[in-house]
Amino acid sequence: MPIAEERLPDAYRQMQVIRKFEETIRSLYQQGQIRGSFHPCVGQEATAVGTGWPLADSDYLTCTYRGHGQALAKGLSPRAAMAEMLGRRTGCSQGKGGSMHFTDVAHGLLGANAIVAAGVPHAAGAALSAQMRGSKQVAVTVFGEGAVNQGVFHEALNLAVIWKLPLVLVCENNLYSEMTPSHETTSVVETYKRAAAYGMPAQQVDGNDLEAMYSAVEAAAAHARSGGGPTDIEAMTYRLWGHMMGDPEVYRTKDEVARARENDPLKRLGARLGDLGYSAAALSGLEAEADDVIADALKFAQDSPLPEPADALTDVFV
Ligand SMILES: Cc1ncc(C[n+]2csc(CCOP(=O)(O)OP(=O)(O)O)c2C)c(N)n1
Ligand SMILES: [Mg+2]
């Protein structure tokens, strides 16, 4: 089922919230208010919303260090996300995880993961659990195109097909793994072909087209829920900012990035809304609402306490 046209303004607001979240983090980072690393998803907001929105709260999602947008689209509150970035006790991981460890079990977020491809077998395991319990939940994993060169990716895909796991694989192919173009490291750059080789339905989708993404993920989730097994979706996209803060971006030209900006998913959904009759003022109104969400999240985070030293010993296994 495609996304209902009436929901497109809400999707636009959600994508703006994600963009503004990342912009705010960048400025906090530059002011020295955020520790650790930060891998922005600017330019990839349509893959995030197109993946998160077709899913139920009870469905599972694993994502990567570039997963702020996916977590927000899956239902993580902007307040808990911002507080986590600022290391506050009210953060989604009590301020102990930071940018690369967004987790929110109530919304099915089993954890972002900094290890390339590690979320893929985790999601396959969650899918196996759902299957064994007969719960009709689906597990979705989002990963970059670099993950398809990892062994665990192939082990997970093989078992997912053999066991018909309710798993949806979403590859965000943004053409680069860190500073290396994928064609220099990968024998078959169209990653969906690798998934197809395991005997599952696999397709390439325009990852900057919110509606195309939503439809593909919705269909794959329905297929999984009805016992059809895993599906792979290769979402073609582009990260408009560097791999992480401080990336000098010497591996790509300014021209290439400028061309990619023409294909900005926010610009594209804005144009689509314009075609549907929404005025520029209506779009600005949605953007202002997104500003308010982020301002509220930032105030909440800045007013929240830091963890106490004793908190270091809570929520650990040993
Ligand atoms: C197993 C492993 N090897 C290497 C790294 C270092 N590393 C961090 S991000 C990254 C690139 C991954 O690229 P891709 O999967 O395309 O995701 P993107 O960053 O483009 O979203 C690498 C190699 C890592 N985190 N984990
Ligand atoms: Mg990549």
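Helices and strands here are DSSP runs, numbered from the N terminus. The model is predicted.

**View 1. Valine 188 sits in a loop.** The loop runs between strand 6 (180-181) and helix 7 (191-196), and valine 188 has its place there. Is valine 188 buried or exposed? Valine 188 counts as exposed, because it has 10 C-beta neighbours inside 10 Å, and a residue with 12 or fewer falls in that class. Leaving out residues up to four places away in sequence, valine 188 touches Lys193 and Arg194. Glutamine 14 is 174 residues apart from valine 188 along the chain. The C-alpha atoms of these two residues are separated by 34 Å.

View 2. Strands of a sheet pair through backbone hydrogen bonds. Strand 1 (residues 60-64) runs parallel to strand 2, and three bridges join them. Here threonine 64 stands opposite asparagine 113 of strand 2.

View 3. How many residues of helix 2 (residues 45-52) are buried? Eight of its eight are, and helix 2 is mostly covered. Among them are Glu45, Ala48, Val49 and Thr51.

**View 4. Strand 8 lies inside the structure.** Six of the six residues of strand 8 are buried, so this strand is largely enclosed by the rest of the structure. In a regular strand the side chains alternate between the two faces of the sheet. Thr231, Ile233 and Ala235 point one way from strand 8. Asp232, Glu234 and Met236 point the other way. Leucine 169 has aspartate 232 of strand 8 as its bridge partner. Valine 205 stands opposite alanine 235 in strand 8.

**View 5. Valine 140 belongs to the largest nonpolar core.** This core has 90 residues. Which residues have the most contacts inside it? They are Ala81, Val140, Leu167 and Val168. Neighbours within four places in sequence aside, valine 140 is in contact with residues including Thr51, Leu55, Tyr60, Ala123 and Val170. Val168 is another of its contacts.

View 6. Alanine 117 lies in the loop between strand 2 and helix 5 (119-133). With 23 C-beta neighbours inside 10 Å, alanine 117 counts as buried. Lysine 164 lies in the loop between helix 6 (151-162) and strand 4. Lysine 164 is partly exposed, with 15 other C-beta atoms within 10 Å.

**View 7. Ligand 1 has a shell of 15 residues.** The closest are Val116, Gly144, Gly146, Ser177 and Glu178. How does the shell divide by class, and what are the counts? Five of its residues are nonpolar, six are polar and four are charged.

Key. Residues are numbered from 1 along each chain as its sequence is written. Chains are lettered from A and ligands numbered from 1 in the order in which they are written. This is a predicted model: local features need pLDDT of at least 70, side-chain atom pairs count only at pLDDT 80 or more; totals for chains, interfaces and linings use all residues. A residue is near a molecule or strand if its C-beta atom, placed from the backbone, lies within 6 Å of it. Ala, Val, Leu, Ile, Met, Phe, Trp, Tyr, Cys and Pro count as nonpolar, Asp, Glu, Lys and Arg as charged, and the others, Gly among them, as polar. A nonpolar core is a set of buried Ala, Val, Leu, Ile, Met, Phe, Trp, Tyr and Cys residues joined through C-beta atoms within 7 Å. A residue is buried if 20 or more other C-beta atoms lie within 10 Å of its own, exposed if 12 or fewer, and partly exposed in between; C-beta atoms are placed from the backbone. Two residues are in contact if their C-beta atoms, placed from the backbone, lie within 7 Å. Helices (H or I, at least four residues) and strands (E, at least two) are DSSP runs, numbered from the N terminus. Two strands pair if DSSP finds at least two bridges between them.
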